[in-house]
Amino acid sequence: MSSFNLTVDVTENGNGNLKNADSSHTLDDIDDVDFSKLLEKPRPLNIDRLRSLDERSLTELSGSPQLRNVDSASRLHDQADYVISPSVGRRSGYNTPRSLHGFETHPMVGEAWDALRRSMVYFRGQPVGTIAAVDNSEEKLNYDQVFVRDFVPSALAFLMNGEPDIVKNFLLKTLRLQSWEKKIDRFQLGEGVMPASFKVFHDPVRNHETLIADFGESAIGRVAPVDSGFWWIILLRAYTKSTGDSSLADMPECQKGIRLILSLCLSEGFDTFPTLLCADGCCMIDRRMGVYGYPIEIQTLFFMALRCALLLLKQDGEGKEMVEQIVKRLHALSYHMRSYFWLDLKQLNDIYRYKTEEYSHTAVNKFNVIPDSLPEWVFDFMPPHGGFFIGNVSPARMDFRWFALGNCIAILSSLATPEQSTAIMDLIESRWEELVGEMPLKVCYPAIESHEWRIVTGCDPKNTRWSYHNGGSWPVLLWLLTAACIKTGRPQIARRAIEVAEARLHKDHWPEYYDGKLGRYVGKQSRKNQTWSIAGYLVAKMMLEDPSHVGMVALEEDKQMKPVMRRSNSWTC
Ligand code: GLC
């Protein structure tokens, strides 16, 4: 059982800082992703709703004098179509037996809403989040807390259902927690760090509630929640986009919160790459799993958070300086990721034939990757059409594993070019058995086994092969897959995956994860009634019903970040 050493009374003790494109399309002809064309059935969807200020280029945002010193209310509303979905007041699943678009609502949807509501956490009478799992049969550990990353699908479900208050409360409470002094033993953490999770502590003597946060100081392995701050920014933008209410993001406290989170990542140092250097277990995979270095999940969330921050930050004094830093970083980051993390058949073949020990800027094998380190499986796994962003790139190291979250976020944030996005979807279709199998979706592929498992995980008995983070199947990833499918114009892929999940999820009591090569078995230590499995399903269903919801979590390609290379010859450019 975890213990806590940080108690934050947010109202009394807080230290005042409340402070369809098909794969034959070329890069050029699918520049403008027009979501309306992607729908298989005609919907009463305003085609223009999904075009918004997101499409403004970075250069425009940083350089245009008209955009300086404008207040963000006008920034956010300068296009009438800013609100992409008239969600307020709408109940798309819980109270309506049939959806507005004429789809039959699956009986599981109502059950899922009931279960989601049971997970809600209240603080002094107000809903502030959802707990990770409502499962009393297993040791609770920290599953009785509101995790920042876990709350994201819950928040999206509430936003899509016209219930933004819980999301607003969550954003404000976690912002308060950020301002608390954070220490692990005698070491003080950065000001901008957001908690991994928090819970409400009820003092029966004083009959008083306080919030208790965990910034990693209680977490198993003392892992750092690097992803929390990024998710917070992404959620703030989703809230603003969904409600059309920019007053929350405009609050000086929120502006400061964004700046503090990003200051942690944008400060100058010894880095030779624009990617973010992290310790193991810094994200959804919060145990030792060989994701240290430059993990794809963090890099894509970083990219997405930077782009969201550009839309949210006011360009006044400090904001303006940060916007300039963000713009520079985005250019460097997208170049680096698209060039060096991208893998397809051509690229794989190039690496296979690499020369090593090349000195100077003319080097082709820039990271001195030794071809002998290429794993056998990747040659069979790579389909003729298709590709993906690999797990990690650093000196002499390419982690070729596929990670679902990072690749979906790459699509949603438009870090992936339209061609790369199409290729990722092609890969998912061609490797359906391996990645979806009997339960969507593999968190990573393949599993590591035997000696490698001993060395990489430190003999972790929770992460044995094809279990948990090591090749386990996580239903929560369904919402990310669905959003990516809709954005790339391939909703039929999501439909197929959802059908697979519907055959079991409810019957199995919404497990946290499944085990086995095909995801056939309820996970060894999987919690039941895992909230993000429930919310992930609901969000996936609601997005398919009304694809304009995807706009909350998707950003259009920035025309100024046009790739300098085309798919298949990225390495040499
Ligand atoms: C596990 C997962 C982590 C999640 C937490 C709560 O630790 O690895 O991603 O946030 O459970 O559900």
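Helices and strands here are DSSP runs, numbered from the N terminus, and the model they come from is a predicted one.

View 1. Around the ligand sit A132, Y143, F147, R149, D150, M284, D286, Y468, H469, E512, Q530 and W532. Sorted by type, that shell comes out as six nonpolar, two polar and four charged residues.

View 2. The side chain of D150 puts an N or O atom 2.5 Å from an oxygen atom of the ligand. For Q530, a polar side-chain atom is 2.9 Å from a ligand oxygen. With Y468, the distance from a side-chain N or O atom to an oxygen atom of the ligand is 3.4 Å. As for burial, the ligand taken alone exposes 310 Å², and the protein buries 96% of that.

**View 3. Helix α3 against helix α19.** Here α3 (residues 107-118) packs on α19 (residues 531-545), with 9 Å between the axes and an angle of about 135°. The crossing is left-handed.

**View 4. Two cis peptide bonds.** One runs from P440 to L441, with omega near 5°; L441 belongs to the loop between α15 (432-435) and β12 (444-445). Another joins Y445 and P446, where omega is about -5°. Follow the chain to P446 and you're in the loop between β12 and α16 (450-457).

**View 5. A positive phi at N207.** N207 isn't a glycine, yet its phi is positive, near 45°. Look for N207 in the loop linking β7 (197-203) and β8 (208-214).

Definitions and conventions
Residues numbered from 1 in each chain as written. Predicted model: local features only at pLDDT ≥ 70, side-chain atom pairs only at ≥ 80, totals over all residues. Heavy atoms only, no water. Near = heavy atom within 4 Å. Polar contact = N/O pair within 3.5 Å; in protein donor to acceptor, adjacent residues only side chain to side chain. Areas by Shrake-Rupley, 256 points an atom, 1.4 Å probe, with all protein chains shown as cover. Nonpolar A, V, L, I, M, F, W, Y, C, P; charged D, E, K, R; others polar. Axes fitted to C-alpha atoms, helices over the stretch in contact; angles between N-to-C directions. Helix = DSSP H or I, 4+ residues; strand = E, 2+ residues; numbered from the N terminus. Left-handed = near helix turned anticlockwise from the far one by under 90°.
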